[in-house]
Amino acid sequence: MKALPAIWPLNAGIGLRAPHTREFLARRPKVGWVEVHSENFFGGGAPLATLLQVREHYPVSLHGVGMGLASADALDPGHLNALRRLCDAVEPAAVSEHLCWNRSHGVVFNDLLPFPYTRAALDHVAARVQQAQEALGRPLLLENLSSYLAFKRSEMTEGEFLAALARRTGCGLLVDLQNLHVNAVNLGTDVRAHLDALPAERVMEYHLAGASPQEGCLVDTHDAPVDEATWALYEAALERIGPRPTLIEWDQGLPHLPVLLAEARKAQHRLEACHVALC
Amino acid sequence: MSPFADTPDDFVRPTRYPLSEALDIYRNNWRHNLRQALAGAYPVLVQVVGEAFFRQLATRFMDEHPSASGNLHDYGDALPAFLQGFAPAQPLSYLPDLAALEWACHRAYFAPDEPPLDLQALARLPEQVAEGGAGVVEDTLEHLRFEFHPACTLLASPWPVDAIWRAHQPGAPEDFRIDLKDGPCRVLVNRSEGEATVSALAEDEFRWLREIHAGATLGDATARTLEHHPDFNPGILLPRLALGGTWTRFTLENRS
């Protein structure tokens, strides 16, 4: 087996989706790393074989959408096992999940659902994060959510919740700037305060994506180029937290691969400008 | 059923838009995700019934069969059974079996990898049996059981659903004619080079494979098949299955 690129470079990467994979492997474009949705590779066959081919040439980050760490129901042991097997096969640069719930009384809603940020919820989620990290034998990165509602019972902000979670469990943080922008527009979230609340040394990754305005609110659709407001937040994060591996996410209405790569180059330029500024 | 129907206004902070709009976004996301999962697993069904009908079918299905897995590729296994009782689909009597074939293909695509059948170990068996003095060498084969690869499913239908499935694959000729009287069909679904494959089986082959799948030894499966099909000869099928990735492991029944 070939030596694998093991380090997660401080570069821009792209979310690699099935329609692009063949072209991506044929062209092997200059991009730092790729991220895929973990659940698409829980079996074997062509999906896993192709991912392992990609892995021979690029660091791969595994991004889960289905664990629902904040659910009151127990974590699904089958799901954890499948993710563990995938980690063993892929040797990922990072493994991330969302700060959300998705399961109640055995029914799964296959979405990323918000919950009140209470001290009781923190105890609960911290225990779940620890359980998952032990099962996987590696730290998780937890991503902030795009939400369309917020709860009166919350005792802290999402940023404070994530900061406390990172301190309690040793987990890393994935800061999705698009989600923060969506929450700022929809819920009036104070994005700068959110960034300031996070322990910079626990932040391991940024996500950038596009959203769609629908009626009175902004919906996190991942179907458009990164908008100016999100680029501005990214620059603010680079300044406050520092440069981190940065992902362009595009999940619906996929553009041609070169368009996606051009978005990644925009992030790369900002990352490099930040490096220069730091020197 | 909806997870949001009972959320009281006083539980949620006011935003610039009404709560109902936020709940609609979640409701739509949830339905969209499940519908996409079903359309991904049942692409032929979508073509056969059309997108508008499929949308209605998916909505009714997800109301009765919520997801039970955080992996959307697991969603939709109950659709073939649901179609049996779905009144608007009754005129297309073959639809449940077509859906069962598609689900088997979907599972084949995502099935875990297994090491191939160890043919060398299989070839060494008669020697080992002879050395062990455990019995008659010639009938070793009779006492073998085989485990099927997780990508494999055996399916039978009174309708020619394999022909319908083939006619709706990418690149298939657009002008086809299938007579429903061309059924029945019996198939083995498997995976080859990452793609689901659908192989037609003769009636005797299907009976024999179903016996082996249920755990019968080759000898018992053959004897039971011969009761119904006196001309059956497993010798033709055996190498095809052993080499084709249908089986992953064998065990030799202990004889006393």
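I began with burial in chain B: 43% of its 256 residues count as buried (under 20% relative accessible area, with exposed over 50% and partly exposed in between, 1.4 Å probe, protein chains only).

This is a predicted model, where local features need pLDDT of at least 70, side-chain atom pairs count only at pLDDT 80 or more, and totals for chains, interfaces and linings use all residues. Residues are numbered from 1 along each chain as its sequence is written, chains are lettered from A and ligands numbered from 1 in the order written, and side-chain values use heavy atoms, without hydrogens and water.

Next, the overall build. I found 10 helices and 5 strands in chain B (DSSP runs numbered from the N terminus: H or I, at least four residues, for helices; E, at least two, for strands). The radius of gyration of chain B is 24 Å, well over the 18 Å from the globule rule for 256 residues, so the chain is more spread out than a compact globule. That radius is taken over C-alpha atoms, and the rule is 2.2 Å times the number of residues to the power 0.38. The C-alpha trace of chain B spans about 85 × 45 × 30 Å along its principal axes.

Then I looked up the sheet. Three strands of chain B form an open sheet in the order E2-E3-E4, with antiparallel pairing (strands pair if DSSP finds at least two bridges between them). Its edges are E2 (153-157) and E4 (195-200) of chain B, each pairing on one side only. I noted 6 bridges between E3 (residues 185-192) and E4 of chain B. Val187(B) stands opposite Ala200(B) in E4(B).
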